[in-house]
Amino acid sequence: MKQAAGWLWRLSLANLLFLYGPIAVLILFSFNASRLSATWQGWTWQWYRALWVNQALLDATVNSLCVATVSTVLALFLGVGLALGLEGLTGRRQRQIEQAMLLPLVIPEVMMGVSLLLFFVLLQIPLSLMTVMMGHALFNVPVVVIIVRARLRKLDPRLLEVAADLGASYWDALRHVTIPLLRPAILGAGLMAFTISLDDFIVTYFTAGPGATTLPLKVYSMIKSGMSPEINALSALFVMVSMGLIGLSLLLQRR
Amino acid sequence: MKTSAPAGRAEFSGRAVCWWLIGPGLLWMGLLFFVPLCLVVVISFASRGTYGGLVWSFSLTNYLDLLHPLYARILGQSILLAAVTTVLCLIMGFPLAYFIARAAPRRQGVLLLLVMIPFWTNFLVRTYAWMFILRTEGLLNTLLLKLGVIAAPIELLYSNTAVVIGLVYAYLPFMVLPLYVALERVDRTLVEAAWDLYATRWTMLWRIIVPLARPGIMAGCLLVFIPSLGAFLTPDLLGGARSMMIGSLIQHEFLVARDWPLGAAISCLLMLFVVGMMSWSLHAAKPLSRQEDAS
């Protein structure tokens, strides 16, 4: 048994190295002074400095933050409502809606992008940052629902009974009991949705019109036109920001 | 929560109120998710006009076009690459999931988090990291050259191998999580009983652990296979000219070739695959759960 455990440990470690190695390498080499080769030639900040003065990148960042903020607020509004309402339903109805809710998370993202593109074009809604926001709010609703429901199930039902006994209406109880208790989960879900929106490439790619360039779209076009250390620096920043946001979100969900 | 439904609870779950809360979200999902998917199905039966516009006449031409060797090859290749990815993920993910499931409860959470974090980072960036490692002047070639393992750089990037590496890297967490959930539930006393009855390690794995973890294995395989099949970014960035997959074909038809009906038909095929596999897995998972109920 001992021997097997040793093997298991080594294999698991290899797995984790596989998962983290490429990201670590990317971050490390974003500080590499050499412009083209993958040999180490000393530390430098210059690629990060180059990002800072790149106006197109800054514009894309503003677009990304805009899209992420609006779509997160919208997804929170719709998702928290869905989560609260679903808790009140029972039986088959609840299960059906739950399963329908999960579909957007299961189907390949390309399909979502393509179907949204068709939808917008056929309805003659011009592709812009608006359509990107709508797309992001779409795939973020299930994320919010899942996180908020997980928290709702852990709430003590007696708290609501007490509120009802004290004469609180449904809305009163919601406002003064449920929502305050859900606050960490709502914040966590919001951060998660924000990060997913910030990171999304595929749905954005299909729903963004000309001029509506977000950061991932910009990174993609940079990669397509050739590799450069600036992309390494931008990628490293991206990874660190998403990891930070996700860490914070998970912390909030645990509370 | 539901078992202890008291009078107050019943009062709160007034149906009308719940529907008001659900309404906006459900409407949003219906309008932007289900309606567009239906549109894709409808358009897959239309045909393309001379100037790229849509002609609304019912025909099956798009589906028949998919039988063309060119498309059939891409479909076959996608299935093959996705299958290889799934098997590799299973082989790699199983030991890790087992290790986590057997770790001390306090460490399990941390380990799962470690598996999930890369998944939450930008997909584009993770794919780019592999471009950086695999390209001709990349890290791997530089290292191998320095170590004297190879005399000249080898072509790793822009190949099916690179695509599979990228896919495995992207979807490994999807395999580990359901596997962990299933393995964590495996009754340890059964393993001990097998051990007492002088089962070898392999017998134990194949006759006890794997059958009991089957729902998790199937869920994991599905969660890896489906997105791999529809992958667009990975074959686009890591693959060569010949490693097109269904996802990239759909993108190509919609944005490059501008043949929307054909693109829609391919999307429908992909959707059919996904729905078919999901219902199959639900069906296949049933007998086992019934057994569990009986015991």
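Within what distance do the axes of helix H4 (residues 69-102) of chain B and helix H11 (residues 214-229) of chain B come, and at roughly what angle do they cross? The axes come within 9 Å and cross at roughly 140 degrees; axes here are lines fitted to C-alpha atoms, for helices over the stretch in contact, with angles running from 0 to 180 degrees between N-to-C directions.

The model is predicted: local features need pLDDT of at least 70 and side-chain atom pairs count only at pLDDT 80 or more, while totals for chains, interfaces and linings use all residues. Residues are numbered from 1 along each chain as its sequence is written, and chains are lettered from A and ligands numbered from 1 in the order in which they are written.

H4(B) and H11(B) are therefore oblique to each other, since angles under 35 degrees count as roughly parallel, over 145 as roughly antiparallel, 65 to 115 as roughly perpendicular and the rest as oblique. From H4(B), the residues that make the contact include B:Ser78, B:Ala82, B:Cys89 and B:Gly93, and from H11(B) they include B:Gly220, B:Val224 and B:Leu229. Two residues are in contact if their C-beta atoms, placed from the backbone, lie within 7 Å. By class, ten residues of this contact are nonpolar, six are polar and none is charged; Ala, Val, Leu, Ile, Met, Phe, Trp, Tyr, Cys and Pro count as nonpolar, Asp, Glu, Lys and Arg as charged, and the others, Gly among them, as polar.

Chain A has eleven helices and zero strands, where helices (H or I, at least four residues) and strands (E, at least two) are DSSP runs numbered from the N terminus. Its C-alpha atoms fill a box of roughly 70 × 65 × 30 Å along the principal axes. Of the 255 residues of chain A, 45% count as buried, that is, with 20 or more other C-beta atoms, placed from the backbone, within 10 Å of their own.

An automatic or database assignment gives chain A domain 1 (1-30) and domain 2 (43-254). The C-alpha centres of these two domains lie 30 Å apart, and their contact takes five residues from domain 1 and seven residues from domain 2.

Between the chains, 73 residues of chain B are in contact with 70 residues of chain A. Helix H2 (residues 15-43) of chain B gives the most to the side of chain B that touches chain A, with 18 residues. That side of chain B divides into 54 nonpolar, 14 polar and five charged residues.

Conventions:
Buried ≥ 20, exposed ≤ 12 C-beta atoms within 10 Å, placed from the backbone.
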